[in-house]
Amino acid sequence: MRSAESEDIMKNMDETHKLNLNLIQQAVCGNEKAAETILHIYDQYINHLVTYEVTDTNGKVIQIVDEDMKIQIQMKLIEAIQTKWRNLIV
């Protein structure tokens, strides 16, 4: 049910309403602040995708964010904005 949980996170994100065409256009044109804002909007969702659980020696379950995977997803998102959205907007 991980995909259902992911959808719930996106529905409940308070900042989702801030993602709009103007912000995407600014990111496509190279505005770093706009790109950072988009990454911030998707941060909770990306963290959910790259979090996994491990059990330590005491039997305690720990959630760990795979930072390398997170960076890869963030880079793919920025790449998609720069390529795919550029073709749609410009």
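**A chat about the model**

Modeller: Let's start with Ile 64. Ile 64 counts as partly exposed, at 29% relative accessibility. Partly exposed lies between two limits: buried is under 20% relative accessible area and exposed is over 50%, using a 1.4 Å probe and protein chains only.

Colleague: Before we go on, what kind of model is this, and how are residues numbered?

Modeller: This is a predicted model, where local features need pLDDT of at least 70, side-chain atom pairs count only at pLDDT 80 or more, and totals for chains, interfaces and linings use all residues. Residues are numbered from 1 along each chain as its sequence is written, and side-chain values use heavy atoms, with hydrogens and water left out.

Colleague: Back to Ile 64. Where is it?

Modeller: Ile 64 is in strand 2, residues 61-65. Helices (H or I, at least four residues) and strands (E, at least two) are DSSP runs, numbered from the N terminus.

Colleague: What does Ile 64 touch?

Modeller: Ile 64 is in contact with Val 50, Thr 51, Tyr 52 and Val 54, leaving aside neighbours within four places in sequence. Contact means heavy atoms within 4.5 Å. From C-alpha to C-alpha, Ile 64 and Val 54 are 7.5 Å apart in space. Along the sequence, they are 10 residues apart.

Colleague: Okay, zoom out. How many helices and strands are there?

Modeller: The protein has 4 helices and 2 strands. Along the sequence, the pattern is α-α-α-β-β-α.

Colleague: How much of the protein is buried?

Modeller: Buried residues make up 20% of the 90 residues. The accessible surface is about 6600 Å², and 53% of that belongs to carbon and sulfur atoms. Those areas come from the Shrake-Rupley method with a 1.4 Å probe; for residues, only the protein chains shown count as cover.

Colleague: And what share of contacts is between residues 24 or more positions apart?

Modeller: Take the contacts with a separation of 6 or more. Residues 24 or more positions apart account for 54% of them.

Colleague: Now helix 2. Which of its residues are buried?

Modeller: In helix 2 (residues 21-28), the buried ones are Leu 23, Ile 24, Ala 27 and Val 28. They sit on the same side of helix 2, because they cover an arc of only 140° around the axis. The arc is that of the directions from the helix axis to the C-beta atoms.

Colleague: What covers them?

Modeller: The cover includes helix 3 (32-49) and helix 4 (67-89). Look at Ala 27 in helix 2. Ala 27 counts as buried, at 1% relative accessibility. Not counting residues up to four places away in sequence, Ala 27 touches Ala 34, Ala 35, Ile 38, Ile 81 and Gln 82. Its C-alpha is 8.5 Å from that of Ile 78, which is 51 residues apart along the chain.

Colleague: What happens at the ends of helix 2?

Modeller: Asn 20 caps the N-terminal end. A side-chain oxygen of Asn 20 lies 3.1 Å from the backbone nitrogen of Asn 22. Just after helix 2, Gly 30 takes a positive phi of about 100°.

Colleague: New topic. How many salt bridges are there?

Modeller: A search of the whole structure finds 1. A salt bridge is a side-chain nitrogen of Lys or Arg within 4 Å of a carboxyl oxygen of Asp or Glu. Here Lys 70 pairs with Asp 43, and the closest N and O atoms are 2.8 Å apart. The pair links distant parts of the chain: Lys 70 is in helix 4 and Asp 43 in helix 3, 27 residues apart.

Colleague: What else is Lys 70 in contact with?

Modeller: Besides Asp 43, Lys 70 is in contact with Ile 46, Asn 47, Val 50 and Val 65, leaving aside neighbours within four places in sequence.

Colleague: And Gln 74? Where is that, and what does it touch?

Modeller: Gln 74 is in helix 4. Gln 74 counts as buried, at 18% relative accessibility. It touches Leu 39, Asp 43 and Ile 46, not counting residues up to four places away in sequence.

Methods:
A polar contact is a pair of N or O atoms within 3.5 Å; within protein, one must be able to donate a hydrogen and the other to accept it, and residues adjacent in sequence count only if both atoms are side-chain atoms.
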